[in-house]
Amino acid sequence: MTQTSINYGIVLYELSVPGEAVEASRRILEEVKELSKVLESPVVPFEEKEKVISRIFPEEMKNFLCVVCKYAHAALLPEIFQAYQDYYNEQHKILTADLYCVVPPSQKQLEGIRKFLLKRFQTQDAKIRIIKDESLVGGFLIRTRDQELDYSLKGRINALQQKLIWR
């Protein structure tokens, strides 16, 4: 993610645009690939981009999207939306984590993992995305912020191999 995307994401958050409008705009761009191409194209005049934005996007997002297009940064919109979400989560003390596992955890296990993360990272809430990864053999791996917590069989086997190599 570029610093430009991060800056735009923070500005979008600071503009107090409702989250629903940001999410609706993100979904529109994700679902209609041709729209992204139009907004990114240097051949399409800015006035035409303004017309498209005013007809399609939520009212609260129109000015922001026009500025992004004016400075030819429309290609960064997916990153901008991600930066917005990251900054939103940071401001509201919400931890985002990716849980890699062979078999999805039960609801009880997931709640235990969530409580562990809340305590360890001292946050108020945690959003956990479950990603299936059969290469782990068993157990799970959590990636969040700049940390990786490896409780997988693959990780344990690798650690044991390293220990035996260094003897």
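Which residue lies over the face of Tyr 100? Select Arg 143: it lies over that ring face, at 4.9 Å from the ring centre. Keep in mind that the model is predicted.

**Ring pairs**

Now turn to rings facing rings. A pair of aromatic rings is described by the distance of the centres and the angle of the planes. The structure holds six aromatic pairs.

Select Tyr 8 and Phe 64. Their pair is edge-to-face, with 6.0 Å centre to centre and 85° between the planes. The angle is over 60 degrees, so the pair counts as edge-to-face. Colour helix α1 (residues 3–14) and you will find Tyr 8 there; Phe 64 sits in helix α5 (residues 62–70). The pair therefore ties together parts that are 56 residues apart in sequence. Buried or exposed, these two? Both Tyr 8 and Phe 64 are buried.

Next, select Phe 140 and Tyr 151. This aromatic pair is tilted: 5.3 Å centre to centre, 40° between the planes. Phe 140 belongs to strand β3 (residues 139–144) and Tyr 151 to strand β4 (residues 147–152), so the pair ties together parts that are 11 residues apart in sequence. Phe 140 is partly exposed, at a relative accessible area of 24%. Tyr 151 is partly exposed as well, at 32%.

**The cluster**

Last stop: select Tyr 13, Tyr 84, Tyr 87 and Tyr 88. What links them? Ring pairs do, joining these four tyrosines into a cluster.

Definitions and conventions
Residues are numbered from 1 along each chain as its sequence is written. This is a predicted model: local features need pLDDT of at least 70, side-chain atom pairs count only at pLDDT 80 or more; totals for chains, interfaces and linings use all residues. Side-chain values use heavy atoms; hydrogens and water are left out. Rings of Phe, Tyr and Trp (its six-membered ring) pair if their centres lie within 6.5 Å; planes under 30 degrees apart count as stacked, over 60 as edge-to-face and the rest as tilted. Helices (H or I, at least four residues) and strands (E, at least two) are DSSP runs, numbered from the N terminus. Buried means under 20% relative accessible area, exposed over 50%, partly exposed in between (1.4 Å probe, protein chains only). A charge sits over a ring if NZ of Lys or CZ of Arg is within 6 Å of the ring centre and within 35 degrees of the ring normal.
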